[in-house]
Amino acid sequence: MPHILIVEDETIIRSALRRLLERNQYQVSEAGSVQEAQERFSIPTFDLIVSDLRLPGAPGTELIKLGQGTPVLIMTSYASLRSAVDSMKMGAVDYIAKPFDHDEMLQAVARILRDRQSAPAAGEVVTGKTANGNGKSAVDNSNGEIGIIGSCPPMQDLYGKIRKVAPTDSNVLIQGESGTGKELVARALHNLSKRAKAPMISVNCAAIPESLIESELFGHEKGAFTGASAGRAGLVEAADGGTLFLDEIGELPLEAQARLLRVLQEGEIRRVGSVQSQKVDVRLIAATHRDLKSLAKIGQFREDLYYRLHVIALKLPALRERGADVNEIANAFLARQSARINRTDLKFAADAEQAIRHYSWPGNVRELENAVERAVILSESPEISADLLGIDIELGDLEDDEFIGLPAQPAGSASNSSHEPTEDLSLEDYFQHFVLEHQDHMTETELARKLGVSRKCLWERRQRLGIPRRKTGVASES
């Protein structure tokens, strides 16, 4: 069992991190400062050190030297990203920005231990799923090294592309809705590349103020702007030899886009306030939920940068497009959340399983995780009901076998057995046939009522299925 040392002066954070790691099969010791760690432990004997950067007395980076080769994971805040860069230069194996979620921390810990031991680490969590006792991912071995749960056709196609693209140095653009796991894809590309031993620097372009983004990315010289009392390396420079992941790149200001284009074209950067350029070797992976091509057409994104980024495009499907994967991911989250509160009896009731499967999940995996966490906390019985998930699911979001008592046709209309729901007719087929059959003589309100859904749900399904609303021949509605 890997032994991890936590050095953090805030008791609440230290205790929470200890519980998280212990529940995922790690042995943990803790200290509130570098001095306390020295006095209580033999630091080089640990498998990993997780330390805050800012500590009373000596900074967390002192543990790099004291560890004598033990990997040190530095925790810092977005406001201190430049200090994190300095930590990497001093020998920290990686950094993690506060606030971080549990998956992010567990993935970082597992990755570092795996790299150190050249074997999968016990307790590794991938999208909420804990590794089994032999250290292999609990998901299908075919995509275990990628670290993402799911086996639906779109994801299998994505895994194949990741394996082909990862060994190259080509730029990659990951597209997908917010919360779908774009950073997991970026991490897989890095881990399967020849740059895996070098750092992967992750930057959320939407999280850094526009006035600071150029300095954060490209560094600055002393006196370059008010408050620049010393020169600083940027995050691009910190990623030299490794991978730079720019999340939400559509939020990058045009001036910073021009500098980034120079990095891609010339392989060099120039710090803010400097006249000298320096060479860098980085592989760029970008991600966005926006349509960059459309933004380029209206001048909000550089067209030349778009084509530089769009060498390889990977599309991450929304959770609602992944079929049974959603239930597999939900059960993984349930297992993890149950372990946190020391309950082993929790399971989803049948209505909860159906709700999870058929809800549209506009917030994707992130929303699913929050829903499961909330349900686990509020559950007073072993079975978690659909109500506890706190999601707004319409009758129309359920499948054929759940249309109990729903009329296939309005009373008095002509019989047409081809439009009645059968075991071979999916909900989407039934919905489409029913609407097309009756929309000429029924109002939207009547259609919705007969289908057992709200008018809003009816409108949304029309949009998704491409069924335009017909107004001719239908009485006006108030």
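**Close-up views of a predicted model**

View 1. The buried set consists of Met155, Leu158, Tyr159, Ile162 and Val165. These residues lie on the same side of H6, because the arc they cover around the axis is only 135°. Pro153 and Lys164 are exposed and sit on the face of H6 turned away from its buried side. H6 is 13 residues long, and the distance from its first C-alpha to its last is 18 Å, close to the 18 Å expected at 1.5 Å a residue.

**View 2. The open sheet of five strands.** The strands follow the order S9-S10-S13-S8-S14, and their pairing is parallel. The edges are formed by strand S9 (200-204) and strand S14 (312-315); each has a single partner strand, so one side of each has no neighbour in the sheet. From one strand to the next, the twist averages 15°. Helix H6 (residues 153-165) packs on this sheet and touches strand S8 (172-175), S13 and S14, with its direction at about 155° to that of S14.

**View 3. Pairing of strands S10 and S13.** Four bridges connect strand S10 (residues 243-247) to strand S13 (residues 283-288), and the two run in the parallel sense. Phenylalanine 245 has isoleucine 285 of S13 as its bridge partner.

View 4. The side chain of serine 202 forms a polar contact of 3.2 Å with the side chain of glutamate 183. Leaving out residues up to four places away in sequence, serine 202 touches Tyr95, Glu183, Arg187 and Phe245. Of these, Phe245 is also the residue bridged to isoleucine 285 in S13.

View 5. With a relative accessible area of 2%, histidine 190 is buried. A polar contact of 2.7 Å links the side chain of histidine 190 to that of threonine 243. Apart from residues up to four places away in sequence, histidine 190 touches Arg195, Ala196, Ala198, Pro199, Met200 and Thr243.

View 6. Leucine 261 is part of helix H10 (residues 254-266). Leucine 261 is buried, and its relative accessible area is 5%. Residues up to four places away in sequence aside, leucine 261 touches Arg302, Asp304, Leu305 and Arg308. The C-alpha atoms of leucine 261 and aspartate 304 are 7.9 Å apart, while 43 residues separate the two in sequence.

**View 7. Helix H1 and its buried side.** The end C-alpha atoms of helix H1 (residues 11-22) are 16 Å apart, in agreement with the 16 Å that 12 residues should span at 1.5 Å a residue. Buried in H1 are Arg14, Leu17, Leu20 and Leu21. Their arc around the axis is only 130°, so they fall on the same side of H1.

Technical notes
Residues numbered from 1 in each chain as written. Predicted model: local features only at pLDDT ≥ 70, side-chain atom pairs only at ≥ 80, totals over all residues. Heavy atoms only, no water. Pairing = 2+ DSSP bridges. Axes fitted to C-alpha atoms, helices over the stretch in contact; angles between N-to-C directions. Contact = heavy atoms within 4.5 Å. Expected span 1.5 Å × (residues − 1). Buried < 20%, exposed > 50% of the residue type's maximum accessible area, 1.4 Å probe, protein only. Arc of directions from axis to C-beta. Polar contact = N/O pair within 3.5 Å; in protein donor to acceptor, adjacent residues only side chain to side chain.
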